[in-house]
Structures are given as structure tokens and as C-alpha cells.
Amino acid sequence: MISPALVLVQTLNGVQFGMMLFLFAAGLTLVLGIMNLVNLAHGSIYMIGAFLAATFSAWTGSFILGLLLALPAIFLVAVAVEIIVLRALYQRSHLDQVLATFGIILLLNELVRMIWGSSGLYVAMPGFLAGDVTLFSGILYPTYRLAVIALGLIVAAGLYWVIAWTRLGMLIRAGASNREMVEAIGVDIRLLFTVVFGLGAMLAAFAGGLAGPILSVDTGMGDSVLILALVVIVIGGIGSIRGTFVAALVIGVVDTIGRAFLPGLFALFLSRPFADAIGPACGSMLIYIVMAVVLFFRPQGLFPARNG
Amino acid sequence: MRTRIVMLAAVAALVAALPAPSRAADTLKIGFIGTFSGPSAVLPQNLYDGFMLGVDQVGGKLGGLKTEISKNDVQFKPDIAHQVAERLVKSDHVDIVTGILFSNIMMAAYDTIVDSHTILIGSNAGPSPIAGKDCSPYFFSTSWQNDQPHAAVGKFVQEQGVKRVFLVASNYRAGQDALAGFKSQYKGEIVGELYPALGQQDYSAEIAQIAASKADATYAFIAGSPAVNFVRQYADAGLMKRKPLYSAFMIYEVTLPQLGDVALGTRSAASWTPDLDNPQNRAFVAAFRQKYHYMPSLYAAQGYDSARLIDAAIHQIHGKIADKQALIAALDKADFQSVRGAFRYNSNHFPIQNFYGTEIEKDKSGMLYVHDKGLILRDYADSYAHLCPMK
């Protein structure tokens, strides 16, 4: 059952999943690292981004145009949320932030349901990305998923450039390493926070928009991603884009490969019904085991922000 | 302050001591338990709409009695379902409870309701204990036992001459039961069996394995909203033609608008389809579409049948619902025109009914619908009735 071709396809699936996780988690890690804010509502931003992209795509008839229109729209939504709710929370304890942003999740989930209904939206696959690509000798892979991998790489490169080579990136790195000092030097930290929050929201919305043609766009779609993203930023090191990128890929591949091959592996030495029962359970546990191992050896995560 | 509290307490005590408002004997109180909020709210609303159509068609008087219906939202939470059931039977004193769609809600509310000798009309969920050893004279199902639709698909796949099949089901009790039900009727080779996590969004890993397998067809039971994801990803992987998709409760009136043409040609089995050819069904579908402007689903049909069943039974006993035994006997006769055609009760108060193969087709107006592909199982009874002590 386990052929090299299947391993390759599953690895690609894992990389594609990792790219989505990276886009989602990048904003989360920046907000937590720089603003010291636990923002559980990041999943809701992702969801709203997906809904906006789906709606704009339907209006314009173009998937790409819809996706591009959703980005400035979500920036405005995010800035509004930041100014109205989050600014009051920066000085509060993490528990208060968790409670408040959890409240935002409930509010936004229900709001989205009131606006778009509870049955979810359908986003058509853009025509030129539909279908499959032949990788080599009869191994097919969906074009759209390859495109997601490519876009993820492009965004990662762009983010790297912004963070490593621009003044904004310098401030972001500085903010992640020592927030008080940045403030003391005289940088308008409020403006920086708003920009970072908006930027993170746009990345999440981009991920949400990309997810549209693969996953159904419905309320609560951000909740399951959020948990995985928290695992990713903990492994990667809070505040570190590089760490998030590596950790997202690791989690994406480990999770996919684990789910795909563990049941079969267990079946080699366990009875079939038993393997069927514990295989999927262990497969979904695997990423948490990875997290535990990483934290045991590197409690700060793989690339702690303080070291760059 | 203190005196005010004492006064309030006294008022409360007085109010509590008031005799319950005496109810006119010709009123029927129905408690409708549903999941009306959250992402799972679509199907219960279907069921409710179907039920209310049945109530409205008799002028709001089921069995000639003025009918009061309380709509109770229990979200997707068994603990809330339990509390609501307690309130309905112990403080609201309803005559009939109905509406429950999900098995976990049913299991949480079932004991409370039937132990209080209140009639419970199960309009969707049919977990095996209720059909078997925990059956109750106070319970009647207008749907099916949970294994049955899956067994019917198994039989359908068998009859289509499919030699090798790949099975996928969400990893929870109903998913495992679904595949067991399928296997009870399918005799070909099962080349693979996967249990992705409940609520999983992306099925690329599972679909890659199906693509690499020797299966001629796939049978899937993915619960909840991710069902749409599975079907679309299955189609995107180019498998619809190579390995036809058979499924249960994934592709129907509610998900068809989201799926679009992707769903064309996919197959399943059901005890009801919108084009099932009998006069009462044609009338039901037309009336439903006129009232609610969407296609009725299986859930709507079962809700409608629940209302029709109650109406017929109460008419039969001339509205004397205080006589529970007479009401039970009348319900057991199921003397109503079901939109499914033939419908009668087994000893465990689950229907004995036909199951049909279905395929998604396009009608003349270009709308997708669940098409009846012909009878698969005639007068099919569930396999738990012999465990039920009722005779």
C-alpha cells in the first residue's frame, strides 16, 4: 500500500497544508510576540477573510480579484477591532485577553451567520487552476494545491524581505525582542501595533481566501485552524517568522504523513479493527508529541525571537 | 434591603403556590427540541419547517385540537438537551416531544421523556439502543434506525456490480456503525477503510490513498459540514469518473447548492426522495416549495410525516389525549398517508419501509435533485427489533 509515489503525494499534501498554516500563524505569532497579546479571534479574522473573498469573487466573477479586494477590506475590519476592543487589553493579563478575544470569536461567528447564513458558501475553483498536473509518470496532483504551495513560498519570501530589510521590519524585530526599549526610543508603538495587527489579519484573510476553493467557507472554520496555529507558533518560537515557517511545514507534513500512514503501520503488527481504531487517534496526536519533544529540548521554541 | 428580599421571596412563594393555569382539555402541547443555533442549525430548521407545514395544513389543529408548539434550542449540547427535556415534561407538562435530529441529543433526552410517560416522536435519530433493549412504548420513530440507510447503500453498491470498494467514515460511533451497516449488505472486496477525525476539514491525505488503491468505487460517510469539502476535494482529484462516489447524508438538498455540478452522478440510498412517485409526496413537495421557497430535504419530509402521524392518531381517538394507552395504540397503527408511501410500525416502534437507490440528477430547469433510482430493499425492518422486549 505504501509506494514512493504515494509518499510523494502525501508529502506535497503536507507541504500545502503547512503553507496554509504558515499564512495563518504568521499574523498570530507577530501579534503575540510584538504586542504581547493573546488573540484567539485570529481564527475569526481568517473566517471573515474567507467570507469576504468568497463574496467579492461572486460579485466580480473573478477569484483573484475577489481575493485581492478582501485584503484591504479585512485590514479595515482588523483596524476597527484593534482600536475598539484590543487597545483596552494590552495592559491586562493574558487571561483577560483570552476571555475578551474568545468573546470576539462568539460575536463574530454569530455575526457572520446573521449576514451570510449558516449553510456556508461555495467558492468555485478558478478555471485555470482546476484539474490536475502530472508530476511524473502517471502521478497526478491537483493544480490548485500546487499553486497554494507556490503562493505560500512567495509570501514567505516577501515577509522575510520586509522583516529583514525594511524599516518596518526592523521595528517589528525590535518590538519582538524588547518592546519597552522600542517605546523608550520614541517609536509610536500604537501605530506599530495597529499596522502589525492589520498585516497579520491580511495574511490570515489571504489564507482564508485561498482555503475557499478547497474547504467550505462556513462559520467556525477558523476555530480548528487556531489550535494547530498555536502549536505552530509555540514550536517555532513566539514572534519569529522564520520559526513559524519551519514549524508550519513540520506540523503540516507530520500531521498529514501521520494520518496517512500510521493506521497502515499499526496494521502490520496489530489486528485490523484495533489498528483502525488507534491509528487515526495516534495520527492526530503526533503533532502534540512533536510539540512536547521540541519544548523539552528547546523550551523557547526552535527560533526564539530574541536571537533573531 | 433585607425587607425587600424577604418581600420578594414571599411574592415568589405566592406565585409558586398558585395553581397551574387550568388548561382547556382540547389543547395539545408539543415541545419541539432542535438545534437552532450554530453551524448545525440548517437541518433542524428543515425538520421544523416540514413539521410546521403539516401543522399549518390542518389549520394549526393537529387531530382537531388547538396545538401549542414550543420551539426549544438545545444547540448541539446533550447537557442542555437533558435540561430542556426535564423542563418540558416536568414543568411545562407537554403531551408530545418531537424534533430531535441528532443521536447525541436523542440519547441525552430520551430517558427523561419516556420515563415520564410523555410521547416522544423521533423524527430523525435512531440510535440502536432505542430500537433494541431500551425501546419504549412511548417512543415512535418517523425516520429509521441508524444502520439502515448505510445497509441500503451497501445493497445498492452490491447490485451495481462493484467488485472492490474503499470505505471512509468520520471517526466516531456513528461512523463506525455506518461502515458496519454497509458491510452487512455488501459482499464484495473492501480494499481499504479509513477513519478521518470528526470535523476534519481537509481530506487530501485520505483521497490520495483512495486514488492509489485498486478500488472501483468509494463509500463515504463524513459527518457535518466537512462533507462538502470531501466531495469537492474528491472531484478535484479527478476521481468522480474513475471511482464513482457513493455516500450517505452528504449530498442532498441542503448541500447541493454548495456543491453544484460536482455532485452530479453521485449515488446514495434513502427511504424518501423528492421525486418519489406517490400523490401525497407530490403534494407535499409542491406545498413545501411554495411556502418556504427551497427544496424539502429528507429531514423536512420526516418532520412533515411526524405532524401527519400525530394528526391521524389524535383524530382516531377523537382528541382524548389524556388516555395515553389509546394514543399509543393509535400511533402504532400509523394510519396516515406517509410521503414515503408504505409505512407501518415494527414491534419496536420503528418503521418498516422501503429504501431506494438515489442518484443526483438535473431537472429541466437545471436544478440538481436527488433522483429515485428504484427500489433496493422492500419492507426493510431494522435488525434490533428482536432485542426489544415490546411485542
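In which kind of crossing, left-handed or right-handed, does α2(A) pass α3(A)? The structure is a predicted model, in which local features need pLDDT of at least 70 and side-chain atom pairs count only at pLDDT 80 or more, while totals for chains, interfaces and linings use all residues. Residues are numbered from 1 along each chain as its sequence is written, and chains are lettered from A and ligands numbered from 1 in the order in which they are written.

Helices here are DSSP runs of H or I with at least four residues, and strands are runs of E with at least two, numbered from the N terminus. Helix α2 (residues 42-60) of chain A packs against helix α3 (residues 63-84) of chain A at an angle of about 135°, the axes being 7 Å apart; axes are lines fitted to C-alpha atoms, for helices over the stretch in contact, and angles run from 0 to 180 degrees between N-to-C directions. α2(A) is therefore oblique to α3(A), since angles under 35 degrees count as roughly parallel, over 145 as roughly antiparallel, 65 to 115 as roughly perpendicular and the rest as oblique. The crossing of α2(A) past α3(A) is right-handed, meaning that the near helix is turned clockwise from the far one by less than a right angle.

Further along chain A, α10(A) has 29 residues that should span 42 Å at 1.5 Å a residue, and the 41 Å between its end C-alpha atoms agrees with this; the expected span is 1.5 Å times one less than the number of residues. α10(A) also has a kink of about 40° at Phe261(A), shortly before the proline Pro263(A), where the bend is the angle between axes fitted to the seven residues ending at a residue and the seven starting there.

Finally, the contact between the chains takes 28 residues from chain A and 26 residues from chain B, with residues in contact if their C-beta atoms, placed from the backbone, lie within 7 Å. On the side of chain A that touches chain B, the largest share, 5 residues, comes from α1(A).

Note on methods: Two residues are in contact if their C-beta atoms, placed from the backbone, lie within 7 Å.
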